[in-house]
Amino acid sequence: MGTKDINISIKELETELGQIRDLKFSVGRLVQESWTEPQGPTPFPSITALRGWDMTLLKRYRPFYMPFCDLCCLCTFGKCDLTGDKKGACGITMSGQQSRIVLLAACIGAATHTSHARELVTHLISEFGEDEPLDPGGLSIEVEAPNIRLVCGVKPETLGDLEQVLDYAEEQINALLASTHTGQEGNPLDLESKVLHAGMIDHVSMEVADIAQISAYRLPKADPEAALVDIGFGAVDTEKPVILVIGHNVPPAVEIMDFMQDNDLAGDIEVTGICCTAIDMSRYSPRAKIIGPISWQIRYIRSGIPDIIVVDEQCIRTDVLDEARLQKIPVIATSEKNCLGLPDRTRDPADAIVADFINGSADGAFILDPEKVGEIAVRTAMQIAPHRKRQKVPRSLEEGIEEAKKCTQCRLCRRACPNDLHIPDAIKAFARGDPGMLSDIYDSCVGCIRCEQACQQDIKIHSLITLAAEGKLRDESFKLRAGRGAIQDIEIRQVGGPIVLGEIPGIVAFVGCANYPGGGQELAEMAIEFANRRYIVCTSGCAAMTIGMYRNEDGKSPYEIYPGNFEAGGIVNVGSCVSNAHISGAAIKIASVFARRNLRGNYQEIADYVHNRVGAVGVAWGAMSQKAASIASGFWRLGIPVIVGPHGTKYRRMLLGRSDHEEDWYVYDARTGEEVYVGPVPEHLFVAAETKEEAMVMIAKLCMRPNDTSRGRALKLTHYIDLHRRLIGAMPGDIHRFVRTGADIPITMKEEILRILDEKGWKETVIPDPTLIARQKTEQQP
Amino acid sequence: MSPESWLTAEVAGPKKASVITKPEIADAMIKRAKRPVLVVGNIATEIDLEDRKLIDYLIDLAKRCQIKVVATAHTNAAFLERDFAPDAVMSAVDIANRLADPDWKGVDGEGAHDLAIFVGLPYQMAWTILSGLKHFAPHLKTISLDNVYQPNARWSFSNISIKDWIMNLKSIIGNQET
């Protein structure tokens, strides 16, 4: 690492105050150069250091605001009506307010990952020591932390080195959050610039978290052949005691598995998980079983299968304790960020807590000691399971039908459903004994149970849905490739050229949450479509799980069919939410490992490279959270477009290009210094698609880049045209904007396209060495 | 006939849509518009109205009123199956972004649109998009022709039955016959 704390450690000290043992403290920083790459212009950038680059992007991709509320209610001046051209009492405009809310969301997301990373690093240092080396890929990886190197200009080598990176991230998020205070930043574009900064910081913190846990816990190290693990309700052996973990921070789950291992119980208990903790524990041990994305929480708890629930942090239903109480399942909260109102029993003996759970005198505990949690969870599950009567609600089909008969067809359930599912009709049919419609609804249900909240008859609608779909639930047993972590340098070298030249048509990253508009199958279908088209398909988190919960006619999941290599036609599960940093990291490494651009503290140049040359697109089809907002923001600052599903318009603004504004689509040709029209590539930076079909066409289009060779552009156009014809029903109307020279035209469609070009008055242009940075132009001119 | 958002929680702010209580209102707005545009989302291909789909009614409306049509998502394919070619194919947020620009020359390049009629988009997507236009396109009037109340449109039906919806659509189309 380039800079390092001075650490002083005193084992034992006699003072007038008494005896001090194991005192450690750090003072100042000293430069310790072991990385010879010259420092770039923006190491540890402040919140405005990259403002110029942001404004370059925002000039092309202007915000289109879609307020989710007409008012501002953030201070006691308010509520302020911001409709029309009214300003709030503080002077803020509606567009400023929307950017402000987007920044708040991005800050929440970045703070969440940063706090997670801090908690993880602190825990791992306490367990393994601060000198534990960072090793996310063994000999396969030289650039171990591309985001950290790029943003901070340092090369972390040990767990302890990550603390300085987190100090920086925390400071930045603090400043960004302060910018949202009343009477601070109000200019929409400056607020948007800060959104991009929050996103960049988010990727740094995600990288910290994942390389720390990969290194310390020996998770798969950039392994394309990471184990195939079980996913799905049906994969659980319900004859055994069952532990459920929910959340994102894996140490308690690791301790559960370690305790089982140490006590020869590994085969005796089922350790199951929901959300990213599940992904990460399956990286730690292939014996762990994943139930599914966040939307599976209610249905799994209500199944009565888990004997104990351990929650850590993020995306956990805040009513998890209420639901667990109904099933008489004890709950352990393990994070200071999610105490659930439970008594702090961190210092109580394990025996006492287990006894209280067994005799029912306690239904939950807050325990800030992962090792103790591991012991208590295992012992409780072992002791409680033989006696606990697992009871799902309703208990039988007949009971469910009786419940359905209470329905008055008021339709409030449908009017509460985010996907406008036809619940009243389905309940009516179910009451007549026909479960078909309700079972169909299961396929699109996101498990939010807003329907139940709205029901005036207190019908447990979600439970009826899972009852009607019981056969489907039992049948949920698939294989998922455990998260492999980073991308190897050798893989980057192999695909870097074809990607930059456009001969691999693109990298498509399916990421984010499970708030799908039409069920998870759509996501799997998209991933398969692009893997078959020989794009590189990456995935992570809930999206990675969803892709795995699909099987073909032969009963195989996509992970059993497509390789896990970062190569054309691969489906690459990098891991959990925090593993998204490996996807941005891969794009960054194309610039450094393949193209030999200096990485160190050199954000703008690398982002310019990625934006103009790396045909990557993120797809967050079910994006729900603030973390999804900050993850997307980090991709935007690298110039990588992100597509969201229709619910994504609720993020309040898009970043849209105008293909009809020719003046927006000029770049500098680094070879000649000339400004060259390159067409709208990529056309948008943040865009919502209405349907899966539209998203697929968008993906193909947004993979085009100014640097594509003619061969590469012809290939990308072939996919774009083919998908547009198949799904939209006709030739796209904007082909003329993407053809630069005659050689770009796909050979099989030459006559037809030439006719279109002629009608549009198309003129040939040149293929530049593209950059949006004026400095790049002058530096590279002869 | 209550002007409540179809999705109960998607409440309106201080500025909310006037209710189209009778088809003559929509009819008058369309007649008065110099450059109307009809934005049709994919749900128009799914909804059955008697023995036809919603999209069939919309084709009738577009033909008889000579309204320019923008097909969002994959709706274009359903139009083409019916031998009707929309004037433009673009995403819902893309057309909204252009409509918010008073200098945009419209789908035919002949001038800004003064009325945008939305129908067939997912409810919440239409809600947010119409909010964008409500706030940032003061030069544009908007109508929602879905059978659910869209508070961010300038004019919208309330939450009406399929039967009333059909009656209204037929009336609007009929009134527009020349």
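Select Asp458(A) in the loop between helix 16 (450–454) and helix 17 (461–468) of chain A. Helices and strands here are DSSP runs numbered from the N terminus: H or I over at least four residues for helices, E over at least two for strands. Asp458(A) has a positive phi of about 55 degrees, yet it is not a glycine.

This is a predicted model, in which local features need pLDDT of at least 70 and side-chain atom pairs count only at pLDDT 80 or more, while totals for chains, interfaces and linings use all residues. Residues are numbered from 1 along each chain as its sequence is written, chains are lettered from A and ligands numbered from 1 in the order in which they are written, and side-chain values use heavy atoms, with hydrogens and water left out.

Next, the cis peptides. Go to Lys79(A), in the loop between strand 4 (71–72) and strand 5 (80–81) of chain A. The bond from Gly78(A) to Lys79(A) is cis, with omega near 10 degrees. Then pick Pro682(A), in the loop between strand 21 (675–677) and strand 22 (684–688) of chain A. Val681(A) and Pro682(A) are joined by a cis peptide bond, omega about -15 degrees.

Now show chain B as a cartoon. Find the open sheet of seven strands, order 1-9-8-7-2-5-6, with parallel pairing. Strand 1 (18–19) and strand 6 (88–89) of chain B are at the edges with a single partner strand each, so one side of each has no neighbour in the sheet. Two strands pair if DSSP finds at least two bridges between them.

Select strand 2 (residues 36–40) and strand 7 (residues 115–119) of chain B: five bridges join these parallel strands. Leu38(B) sits opposite Ile117(B) in strand 7 of chain B.

Move to the interface. Here 43 residues of chain B are in contact (heavy atoms within 4.5 Å) with 45 residues of chain A. The two chains bury about 3,400 Å² between them, 57% of it on carbon and sulfur atoms. Buried area is the accessible area (1.4 Å probe) lost on being put together, summed over both parts.

Four salt bridges are counted between chain B and chain A. The term requires a side-chain nitrogen of Lys or Arg within 4 Å of a carboxyl oxygen of Asp or Glu. Select Arg658(A) and Asp101(B): their side chains form a salt bridge at 3.0 Å, N to O. Finally, colour helix 3 (75–81), helix 4 (92–99) and helix 5 (123–136) of chain B; each supplies at least two residues of the side touching chain A. Helix 5 of chain B gives the largest share, ten residues.
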